Amino acid sequence: MTLATPVSTDVATLNVDGATYELPIIEGTEGERAIDISRLRSSSGLITFDQGYANTGSTLSDITFINGEEGILRYRGYPIEVLAERSTFLETSYLVLHGELPTQEQLDAFTDRITRHSLIHEKIRRMYDAFPLDAHPMAVTSAVVGSLSAFYQDSLDPLDPEQVDISVFRLLAKLPTICAFAFKYAMGQPFNYPRNDLSYSENLLWMMFGVPTEEYRLSEANVRALDTLLILHADHEQNCSTSTMRMVGSSRANIYASAAAAIMALSGPLHGGANQAVLDMLEDIAAVEGSAKAFLEKTKDTNDTTRLMGFGHRVYKNFDPRATILKKHAHEVIEDLGYSPRLLEIALELEELALNDDYYVQRQLYPNVDFYSGIIYEALGVPENGSTPLFALGRMPGWIAHWREHHEEGGRLNRPRQIYTGETTRAYVPIEAR
Ligand code: SDX
């Protein structure tokens with residue numbers, strides 16, 4: 001699948017040291033425009049500088065479109081609101097990976113292949129016994145995903161379409177098992193192996209919550225809530241963990257190694273780890289009656305590093321549409337699951353206070369996907385440190401799609417430049433003279 005070549009609509013003129021350089025301006029299908037600096041250094045000796053890449057496009061991509069000013073998110077052109085309402089996670093995964101919604105026949109074949117790859121090698125199963133019981137499931141999940149490189153040496157070549165194809169199904173199919181085994185190991189409960197008679201989300205709930213002492217009853221509300229959460233996390237263009245997946249993949253490291261790195265990038269509290277940090281924050285506030293307002297004041301104090309976790313976003317300077325969907329669902333899910341609405345009530349109070357506070361309004365800080373997701377995961381019975389592995393599970397189709405897109409587009413090695421600000425040349429001083 002080749003990317004549409006963006007049209008070059010105009011040129012930017014750069015005047016430096018008396019010389020003039022013309023740089024093409026390219027435009028994407030949604031009207032986004034960029035100055036193409038691919039020839040800047042070779043023609044002028046100059047590079048650009050953009051700490052945190054807030055103004056830098058790293059690639060062309062056909063997968064996901066975000067308009068942060070208007071709060072728009074679309075996977076392959078389909079609005080997230082429609083997919084969350086009408087699709088399933090596997091149908092959305094097919095869309096993100098292949099660019100089109102599947103026919104029933106295509107979806108059945110896709111689902112069947114995933115079902116048949118959900119088991120993991122028994123030697124991988126025994127790896128869990130090596131981990132400390134209190135290991136964070138993100139550390140365990142990343143280590144086990146990375147070990148797939150050692151166990152599936154027949155599918156490591158990123159340039160062999162057949163090897164990529166089988167490794168994609170292995171990753172999508174085995175990740176629920178790997179995450180569920182990590183939860184069960186931490187709880188000291190026996191592992192539940194995947195069942196081929198269950199759907200993707202039903203299987204994940206069974207593997208996480210089933211116990212041998214009684215029959216596990218699947219609730220339609222739980223299955224729908226989990227499937228919707230996974231849909232909402234399926235992709236989000238060039239976020240930190242997806243850029244990591246592309247960065248590692250650009251060295252032609254195999255897909256399992258790239259995914260293990262992406263999982264670790266996601267674990268940080270400024271990124272996917274924020275959903276756990278939100279739960280910690282809400283529980284701290286719940287422990288001290290009526291302290292939502294006091295907490296918010298702390299987040300505005302420049303001498304205090306406290307942040308309102310789940311708020312703010314590098315791209316969304318308006319509502320994150322995923323947070324809007326989750327907020328709407330949270331009430332009904334929590335009622336259906338018979339979960340205490342206490343944390344949700346504190347989250348709603350915090351949101352109300354922040355949205356009417358100049359500090360947050362001036363900085364265009366709104367709730368992001370992590371502000372409500374952790375509450376719903378907890379209502380499903382997921383342990384607090386389990387919400388980020390489930391973020392990784394939802395994001396896997398997006399990571400894979402971007403990794404493949406990188407290679408399909410010629411896959412140059414990603415290697416940014418820098419501006420050196422250290423010591424200039426110095427003479428070596430013998431140790432006796434130092
Ligand atoms: C995800 O990129 C993606 O697409 C990510 C994601 C995905 O789907 O992949 O959407 C998932 O990671 C969502 C973000 C989850 N992280 C959090 O909720 C952590 C809390 N938020 C922040 O730390 C922050 O908002 C970031 C990291 C998300 C974005 O940071 P930026 O763009 O670098 O902005 P910044 O840190 O420079 O903040 C700008 C200003 C600063 O104040 P001033 O220096 O102007 O005085 O806003 C303030 C910040 O102090 N600010 C906050 C704040 N977030 C930013 N102040 C209080 N609480 C916050 N949450």
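Predicted model: local features only at pLDDT ≥ 70, side-chain atom pairs only at ≥ 80, totals over all residues.
User: OK, how many residues surround the ligand, and which are the closest?

Analyst: There are 23 residues around the ligand, and the closest are His 236, Arg 307, His 313, Arg 314 and Arg 322; a residue is near a molecule if one of its heavy atoms lies within 4 Å of it.

User: And what is the make-up of that shell by class?

Analyst: The shell divides into 10 nonpolar, seven polar and six charged residues. In this scheme Ala, Val, Leu, Ile, Met, Phe, Trp, Tyr, Cys and Pro count as nonpolar, Asp, Glu, Lys and Arg as charged, and the others, Gly among them, as polar.

User: Which backbone has a polar atom 2.8 Å from a nitrogen of the ligand?

Analyst: That is the backbone of Leu 308, which places a polar atom 2.8 Å from a nitrogen atom of the ligand. A backbone N or O atom of Leu 270 also lies 2.9 Å from a ligand nitrogen atom, and a polar side-chain atom of Arg 363 is 3.1 Å from an oxygen atom of the ligand.

User: How much of the ligand does the protein bury?

Analyst: The protein buries 76% of the 1,100 Å² that the ligand exposes when taken alone, with accessible areas from the Shrake-Rupley method and a 1.4 Å probe.

User: Back to helix 18. Is Ser 387 buried or exposed?

Analyst: Ser 387, which is found in helix 18, is buried, with a relative accessible area of 1%; buried means under 20%, exposed over 50% and partly exposed in between, using the 1.4 Å probe and protein chains only.

User: What does its side chain pair with?

Analyst: The side chain of Ser 387 makes a polar contact of 3.2 Å with the side chain of Asn 275. A polar contact is a pair of N or O atoms within 3.5 Å; within protein, one must be able to donate a hydrogen and the other to accept it, and residues adjacent in sequence count only if both atoms are side-chain atoms. A polar atom of the Ser 387 side chain also lies 3.2 Å from the backbone oxygen of Glu 384. Leaving aside neighbours within four places in sequence, Ser 387 is in contact, meaning heavy atoms within 4.5 Å, with Asn 275, Gln 276, Leu 279, Tyr 377 and Val 382.

User: Switching to Asn 222, where does that one lie?

Analyst: Asn 222 lies in helix 9 (residues 220-232) and is buried at 13% relative accessible area. The Asn 222 side chain makes a polar contact of 2.4 Å with the side chain of Ser 219, and, apart from neighbours within four places in sequence, Asn 222 is in contact with Leu 205, Leu 337 and Leu 380.

User: New topic, the sheet: what is the strand order, and how do the strands pair?

Analyst: The three strands form an open sheet in the order 4-5-6 with antiparallel pairing, where two strands pair if DSSP finds at least two bridges between them. Strand 4 (64-67) and strand 6 (78-79) are at the edges with a single partner strand each, so one side of each has no neighbour in the sheet. Strand 5 (residues 72-75) and strand 6 pair over two bridges, and Tyr 75 has Tyr 78 in strand 6 as its bridge partner.

User: What is phi of Arg 76?

Analyst: Phi of Arg 76 is near 50 degrees, a positive value in a residue other than glycine. Most residues other than glycine have a negative phi. Arg 76 sits in the loop between strand 5 and strand 6, and at 15% relative accessibility it counts as buried.

User: Which other non-glycine has a positive phi, of about 45 degrees?

Analyst: Glu 237 does; this residue is in the loop between helix 9 and helix 10 (240-249), and Glu 237 counts as partly exposed at 22% relative accessibility.

Terms used: Residues numbered from 1 in each chain as written. Heavy atoms only, no water. Helix = DSSP H or I, 4+ residues; strand = E, 2+ residues; numbered from the N terminus.
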